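Dear colleague,

I am handing over the structure we discussed, and my notes on it follow below. Please read them with the model open beside you.

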Number of protein chains: 2
Amino acid sequence: MRIGLDAMGGDQAPQEEVLGALDARAILDPDDRIVLVGREADIVPHLPEDGSWRQWVEVRHAEDTIAMDAKPVEALRSKPGSSIAVLAQMHRDGEIDACISAGNTGACAAAAQMRLRRLRGVHRPGIAVIAPTFHGPVSVCDVGANVNCRPQHLHQYGVMASIYANAVCHIEDPRVALLSIGAEDAKGNELVKGTHQLMKDDPRLRFVGNIEGRDLFRGVCDVLVCEGFVGNVVLKLMEGMAEGIVTSMLGALASELPSHAEAIRTASTTIARKYDFNEYGGAPLLGVAGIWIICHGASNHYGIMNAIRVAKDFAAHQVNQQIVEALSPD
Amino acid sequence: MRIGLDAMGGDQAPQEEVLGALDARAILDPDDRIVLVGREADIVPHLPEDGSWRQWVEVRHAEDTIAMDAKPVEALRSKPGSSIAVLAQMHRDGEIDACISAGNTGACAAAAQMRLRRLRGVHRPGIAVIAPTFHGPVSVCDVGANVNCRPQHLHQYGVMASIYANAVCHIEDPRVALLSIGAEDAKGNELVKGTHQLMKDDPRLRFVGNIEGRDLFRGVCDVLVCEGFVGNVVLKLMEGMAEGIVTSMLGALASELPSHAEAIRTASTTIARKYDFNEYGGAPLLGVAGIWIICHGASNHYGIMNAIRVAKDFAAHQVNQQIVEALSPD
């Protein structure tokens, strides 16, 4: 397959993007190609001089970039030559089979939705992030594509994220939970109550009911469904809190055990790895007729390589075909 | 003042409740009284035999209890003799000046709203929890009283929680932020956009704009406004995650430094204290004509004593009078 990679997205672009593309050789099949999209003059200096990379990497020039804080739709309209807009157009034209970007998340979601059709039967695409917990990965959907949800949308997020969790995390028959403010069926807002009923009535879903925020860390589900506003808050809260607790804990330990700085660093690396968003590389926009993997802005080359792995798993397990079979009306 | 304390609420009732009431002597004024409400036969065995407690503690018998997982409104209707229903009635009748309970949160919120009027000018009461962060306490409002919010409600939560943060956390002119999915004014759902405008236009609020989930741990605000569903998810997520990370970290450290178990425990206690919900004891339901402090179900005697302190600060700083002055229409 041909995977388009936004060389200009992310806080450390293009270096980490180019390194990730180079590292990816280890996980690519012989016919696979990575197409780095971005300013050629910025990309080329990071590629090995011997030209060996030409066996699996191509460079496609795109003059413009979209800033991380730009307004998505405006930026896409005013910059058709930006790396994100070019990626979307290439995917639409069939030049590439997947897009990966660590750039402006809103612009990625907008470009995918403007340029790629929705899969048949899908009401709204949703972003599924694999959250590291202490009891294995949980696919959380949606984390920000759709802040205007109806029960039908959330129900479909459960179906799509189950297929995705099976494909990428290799979880057989994933347990699907609905995020609420109490485990009881009757708790929550109108959106949650409506969704609960739809999920309960769907025999294809292994629905385990409503869960509270704290249960996310108790290994009770493999897929967590929520609307995009809540999901985005949850995701960023987890990130900020993990950072805060670990920093705080290291400080307290350093003053208790000044002579064991090395062992403390080792232990915290062990934890950090369990909790590293780079492990799963990126989050797909589920429901579009194509593959678009959105990476964290702070992704390093390891995260980028893992996003390439996610794109490959996504294609190999025919996630989109499975979604169409599950959701198309006939 | 006379403070009613639900002796039957909480996971460790009545023991921790009674101990908390006894400990509270240190922070009470000479005229203050704690009225323990619950089954007399269960309460009395925890009181010192010498009767010294009679100087500041009274016992009011209430036959029934409401289970932690009971449906709030149904339970209150079917059990008028439950400790929570009796507390609410006593407050309404002027027999006590404040209620404290670590029992069923929904039942507390419902009892307070059914029995106590709303303060003049208040649209909807909201629960304000003081979240421990690594940069000082942040008052988060609402965390679950109102899952059907309008911009006007959220705006008032900002006003009420500012008054509360000033009274209880002693923060001069607190910085108020609105929880959203991006710092830009234009991001968020319709509720957030509407609220943003109202807050921006209110010169009495020190509004610092929208923040993301991760910013809660970066010391950028003293008050965080959100609707009850999101706030409840945030609160429980923080709790579950803190527990998970600390446990995970201690495990990793124990295997790195088996001979320093003691120092590791000391360091983790330091962290745990910074992150202990017992430090602020309880969360008031802001906006009702009375004082109702809702405690965490797992509160220990220290948490209960601190809830008593919160009730006293609330009264001493005339939080309700300040709210009426700020929000009443004329």
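This is a predicted model: local features need pLDDT of at least 70, side-chain atom pairs count only at pLDDT 80 or more; totals for chains, interfaces and linings use all residues.

Residues are numbered from 1 along each chain as its sequence is written, and chains are lettered from A and ligands numbered from 1 in the order in which they are written.

To stay with α6(B), 14 of its 18 residues are buried, so this helix is largely enclosed by the rest of the structure; a residue is buried if 20 or more other C-beta atoms, placed from the backbone, lie within 10 Å of its own, exposed if 12 or fewer, and partly exposed in between. Just after α6(B), B:His170 takes a positive phi of about 60 degrees.

As for the two chains, a rotation of 180 degrees with 0.0 Å of shift along its axis superposes chain A on chain B, with an RMSD of 0.0 Å, by least squares on the C-alpha atoms of residues with pLDDT of at least 70 in both. The two copies are thus related as by a two-fold rotation axis, and in chain A the C-alpha nearest that axis belongs to A:Val230, 3.0 Å from it.

The contact between the chains takes 43 residues from each of chain A and chain B, where two residues are in contact if their C-beta atoms, placed from the backbone, lie within 7 Å. On the side of chain A that touches chain B, α8(A) gives the most, with 20 residues.

The axes of α8(A) and α8(B), each covering residues 228–256, come within 10 Å and cross at roughly 35 degrees, the axes being lines fitted to C-alpha atoms over the stretch in contact and the angles running from 0 to 180 degrees between N-to-C directions. Among the residues making this contact are A:Val230, A:Leu237 and A:Met241, together with B:Val230, B:Leu237 and B:Met241.

With kind regards

Methods. Helices (H or I, at least four residues) and strands (E, at least two) are DSSP runs, numbered from the N terminus.
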